[in-house]
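Please read this note with the structure open beside you, and look up each residue as it is mentioned.

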Amino acid sequence: MKKTVATILKQKSSHDRITMLTAYDYSTARLIDESGIDMILVGDSLGMVVLGYEDTLSVTMEDMIHHTAAVARGAKNAFVVSDMPFMSYQTSVYDAVVNAGRLMKEGRANAVKLEGGTEFSEHIKAIVNASIPVVGHIGMTPQSVNKFGGFTVQGRDKETAEKIIKDAKAVEQAGAFAVVMECVPDKLAAYITEILSIPVIGIGAGAECDGQVLVYQDMLGMYSDFTPKFVKKYAEIGNSMKEAFSKYIEEVKSGKFPDKKHTFTLKEDIDFEKLNNEK
Ligand code: KIV
């Protein structure tokens, strides 16, 4: 059955932890969907793990729409959330609504996610008023990498912990139905999870959140440029892929592939020389 805002909200009250993974294409979305995930995030992490940028800042609306539409076609049951890329909403409330609308209309997302707390309350309110469900994103927000000076843990001291608590409350009050909290100390995340009535989905935020999200290439060992401490590798698919690619190269070079099993045959005997020289 297709997950909805209502089913996700219910999971918080029934203490049924919410599962979320990223996906960026149809076939991966199908595999994740068939595994029984609750939510798929088409993250702007796309910029790093798919497009090879050093951060998420270069990702465009066109990139997000293209990949969201592919994921949406593969997600039969999972609830699809699409990230609003850098500068698609920061510029104005108007831009925020227009671009959120594009992710829903052209990308066929079920909700949008945007980074930031108190500063973006008005943007969230306006998107929600346009009947578009919003997921907030607070703590370490990767689009602010230049402000933070790196992908660093946030909320370790009183001042920054207070800011994150304010952000969490602002995002909820603005009408977001869930919030992603990234790279914050586990006790702060547990406290915020307790005081919010909307689900808190953690990444690098400890075990007490209402749900967890990971980038799928990280948890499958497919992206080695940068592995954050919070990533658990559930498989080493990257190594298996490299082994398979090497074997393919070796078999093509040696003539072992393709063999008879992977080759088409004629329906009848044909003398090609004769055929070629007829007339
Ligand atoms: O872009 C992304 O993949 C994200 C997750 C890290 C939460 O925002």
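This is a predicted model: local features need pLDDT of at least 70, side-chain atom pairs count only at pLDDT 80 or more; totals for chains, interfaces and linings use all residues.

1. Residues are numbered from 1 along each chain as its sequence is written, and side-chain values use heavy atoms, with hydrogens and water left out.

2. The shell around the ligand is made of Thr22, Leu41, Gly43, Asp44, Ser45, Asp83, Lys113, His137, Val180, Glu182, Ile203 and Val215, where a residue is near the ligand if one of its heavy atoms lies within 4 Å of it. By class, this shell has 4 nonpolar, 4 polar and 4 charged residues; Ala, Val, Leu, Ile, Met, Phe, Trp, Tyr, Cys and Pro count as nonpolar, Asp, Glu, Lys and Arg as charged, and the others, Gly among them, as polar.

3. The protein covers 95% of the 260 Å² of accessible area that the ligand has on its own, an area that comes from the Shrake-Rupley method with a 1.4 Å probe.

4. The ligand sits in the largest pocket, meaning that more than half of its atoms lie within 2 Å of the pocket's grid points. A pocket is an open set of points, on a 1 Å grid over the protein atoms alone, where a 1.4 Å probe fits, with protein on both sides within 12 Å along at least five of seven lines, and its lining residues have an atom within 4 Å of a point.

5. The largest pocket holds about 740 Å³ of space, a volume being the space filled by probe spheres set on the points, which are joined across faces, edges and corners. It is lined by 37 residues, and Glu182, Cys183, Ile203, Pro228 and Phe230 are the closest to its centre. This lining divides into 20 nonpolar, 8 polar and 9 charged residues.

6. The second largest pocket has a volume of about 390 Å³, and its lining of 24 residues consists of 7 nonpolar, 11 polar and 6 charged. Helix 8 gives the largest share of that lining, 5 residues; helices (H or I, at least four residues) and strands (E, at least two) are DSSP runs, numbered from the N terminus.

7. Two places in the backbone deserve a look. A cis peptide bond, with omega about 0 degrees, joins Phe257 and Pro258, and Pro258 belongs to the loop between helix 11 (237-254) and helix 12 (272-277). Met87, although not a glycine, has a positive phi of about 75 degrees, and Met87 is placed in the loop between strand 3 (79-83) and helix 5 (93-105).
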